[in-house]
Amino acid sequence: MIELDRRHMLEGLAALIGLSALPADALAAAAQKPSLLDAPTTALLAAVSDTFIPRTDTPGAVQAKVPATVDGLLRDWANPAHRAAHIAALKAIDTAARAKTGKPFALLTPAARKTFLTGYDLENFSNPDYYKLKDLLVTAYYMSEPGATVELRYEHVPGAWEPSIPLTKDTRAWAGHNVG
């Protein structure tokens, strides 16, 4: 579970404010530029993204175009040090997978990727570069249209306050809009 503290919450809020200031077609224009990542690294990014957020009854990270979004952010937004750290964290996953399974991470079956990444996550969660990569992938997903409108429930103007909502296996978290 990701521990939420004030610093990370403020960093995420700053990122959301910054992205909201961009013209609506800015991210689409970024996706039309050539990819920063080579084909094997793009496949690795897609496999890691898909393992973190697979398709279920809602779109997964690949369907939400998280790999393309992250590629665009690394290419157009990240400074060289952050870009290198994110790519190194991604490649460290592949190196560890090769050492443990004898195969590149992207070539593992979805079940084998999940098993490997579960153990890797436990071993490396305190690694700041891995944590930042994981945070970037999850943030890119929930900032996508499918992540924000299909995965999360959304009410532009929420109704009455309900102090006790029964939780079931189908209950989803809320994406809110603060109407002031």
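Of the 180 residues in the chain, 30% are buried (under 20% relative accessible area with a 1.4 Å probe, protein chains only). The model is predicted, so local features need pLDDT of at least 70 and side-chain atom pairs count only at pLDDT 80 or more, while totals for chains, interfaces and linings use all residues. Residues are numbered from 1 along each chain as its sequence is written, and side-chain values use heavy atoms, with hydrogens and water left out.

Mean pLDDT (the predictor's confidence in each residue, from 0 to 100) is 83 for the chain. A value of 70 or more is reached by 76% of the residues. Among the elements, helix H5 (residues 80-101) has the highest mean, 96. Helix H2 (residues 26-31) has the lowest, 56. Where pLDDT is low, predicted coordinates should not be read in detail.

The chain holds eight helices and two strands (DSSP runs numbered from the N terminus: H or I, at least four residues; E, at least two). Their order along the sequence is α-α-α-α-α-α-α-α-β-β. Of the contacts (heavy atoms within 4.5 Å) between residues at least 6 apart in sequence, 58% join residues at least 24 apart.

Definitions and conventions
Buried means under 20% relative accessible area, exposed over 50%, partly exposed in between (1.4 Å probe, protein chains only).
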